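Let's take a walk through this model together.

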Amino acid sequence: MLVHLKEIVRKAQAEGYGLGAFNTSNLEVTKAIIEAALAKNSPIIIQVSEATINYVGLLPVTNLIKTFAQNSGAKIPVVIHLDHGKNFQIIKACLKAGFRSVHIDASDKPLAQNVAMTKKIVNYAHHFGAWVQGELGSLYGKEGLAKIKLPKNPNDYLTDPKKVKVYVAKTKIDTLAVSVGTMHGFYVGKEKIDLNRVRAIAQETKIPLVLHGSSGVNPAILKKAISAGIRIVNIDTALRITFTKTLRKTVSQVKEFYDPRKILAPSMAAVQKTVEEQLAILGSAHKI
Ligand code: G3H
Ligand code: ZN
């Protein structure tokens with residue numbers, strides 16, 4: 001069933017586990033995420049990026065997720081979320097389409113501008129009863145196996161705990177995306193999470209903290225980050241890699257098939273398995 005983020009986040013906060021926010025871009029990945037949540041009896045966040053909205057269309061992708069949530073996914077709580085919203089018009093359209101959780105990513109802007117843009121979205125979104133995720137600090141990385149050149153001083157891009165309280169108070173956001181050492185994409189080299197920084201941020205605010213760039217993070221480190229205060233864990237690249245690797249294998253092995261269903265089904269099953277594994281790591285399995 002479709003629910004508001006606050007309905008699943010309260011229990012996660014009270015019991016100290018992580019919620020998985022998985023990116024979808026098509027029917028197969030959406031179905032795989034729902035089936036995994038069902039198999040694991042877990043609440044789930046399904047998120048779309050502006051690129052996915054441009055690819056599928058806002059109403060088709062919204063209705064696809066809603067339809068799964070209300071039918072095969074009727075037994076599990078499902079949240080629809082806009083990931084890395086940058087464009088006010090798209091954010092507005094998402095809210096009108098029924099999203100009750102949106103991310104405004106103004107993290108590439110100077111702080112004052114980030115605060116002003118985020119505040120504007122919060123004012124608008126709260127009229128819909130929607131929650132807004134703000135972002136403080138910068139996340140590096142991109143699609144693929146990325147080699148990243150980071151600024152020498154981590155304080156130039158990681159979230160500064162000292163700025164958190166004022167940022168949350170000024171913007172009135174409901175959840176906070178933090179930069180604590182992870183990178184978007186599959187980062188070449190070990191992704192270290194600055195756990196002390198997570199703890200220091202969690203001391204400054206009670207609102208749920210969101211970890212971006214979680215693909216490729218060692219499960220033991222992910223668990224520690226959740227214990228330190230991370231409540232929502234965003235995962236995209238791991239699903240893309242699973243989907244595409246399996247697709248390449250299927251296409252190369254079964255040259256006589258022309259039925260898209262036969263070609264796509266193994267990828268769907270593989271994505272489901274990856275999501276199930278992640279839900280077990282995050283601790284949200286069997287939490288309904
Ligand atoms: O917003 C989406 C996430 O931050 C995904 O990061 O592609 O490294 O899993 P990832
Ligand atoms: Zn992200």
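Start with ligand 1, which has 15 residues around it; Asp83, Gly213, Ser215, Asp236 and Thr237 are the closest. Keep in mind as you look around that this is a predicted model. If you sort that shell by class, you get two nonpolar, 11 polar and two charged residues.

Now zoom in on the polar contacts. Thr237 has a side-chain N or O atom 2.4 Å from an oxygen of ligand 1. With Gly213 the backbone does the work: one of its polar atoms sits 2.7 Å from a ligand oxygen.

Eight strands form a closed barrel in the order β1-β2-β3-β4-β5-β7-β9-β10, and their pairing is parallel. On average, neighbouring strands here are turned by 25 degrees against each other, ignoring direction. In general, the strands of a sheet pair through backbone hydrogen bonds, either parallel or antiparallel.

For one pair in detail, take β3 (residues 78–85) and β4 (residues 101–104), which run parallel and share two bridges. Leu82 has Val102 in β4 as its bridge partner. Packed on the sheet here is helix α5 (residues 88–97), touching both β3 and β4, with a direction at about 175 degrees to that of β4. Elsewhere on the sheet, helix α9 (residues 219–228) touches β9 (209–211) and β10 (230–235), and its direction makes about 140 degrees with that of β10.

The axes of α6 (residues 111–126) and α7 (residues 161–171) come within 9 Å, crossing at roughly 40 degrees. On the α6 side, the contact uses Leu111, Asn114, Val115, Thr118, Lys119 and Val122, while α7 brings Lys163, Tyr167, Lys170 and Thr171. Split by class, this contact has four nonpolar, three polar and three charged residues.

Conventions: Residues are numbered from 1 along each chain as its sequence is written. Chains are lettered from A and ligands numbered from 1 in the order in which they are written. This is a predicted model: local features need pLDDT of at least 70, side-chain atom pairs count only at pLDDT 80 or more; totals for chains, interfaces and linings use all residues. Side-chain values use heavy atoms; hydrogens and water are left out. Two strands pair if DSSP finds at least two bridges between them. Helices (H or I, at least four residues) and strands (E, at least two) are DSSP runs, numbered from the N terminus. Axes are lines fitted to C-alpha atoms, for helices over the stretch in contact, and angles run from 0 to 180 degrees between N-to-C directions. Contact means heavy atoms within 4.5 Å. A residue is near a molecule or strand if one of its heavy atoms lies within 4 Å of it. A polar contact is a pair of N or O atoms within 3.5 Å; within protein, one must be able to donate a hydrogen and the other to accept it, and residues adjacent in sequence count only if both atoms are side-chain atoms. Ala, Val, Leu, Ile, Met, Phe, Trp, Tyr, Cys and Pro count as nonpolar, Asp, Glu, Lys and Arg as charged, and the others, Gly among them, as polar.
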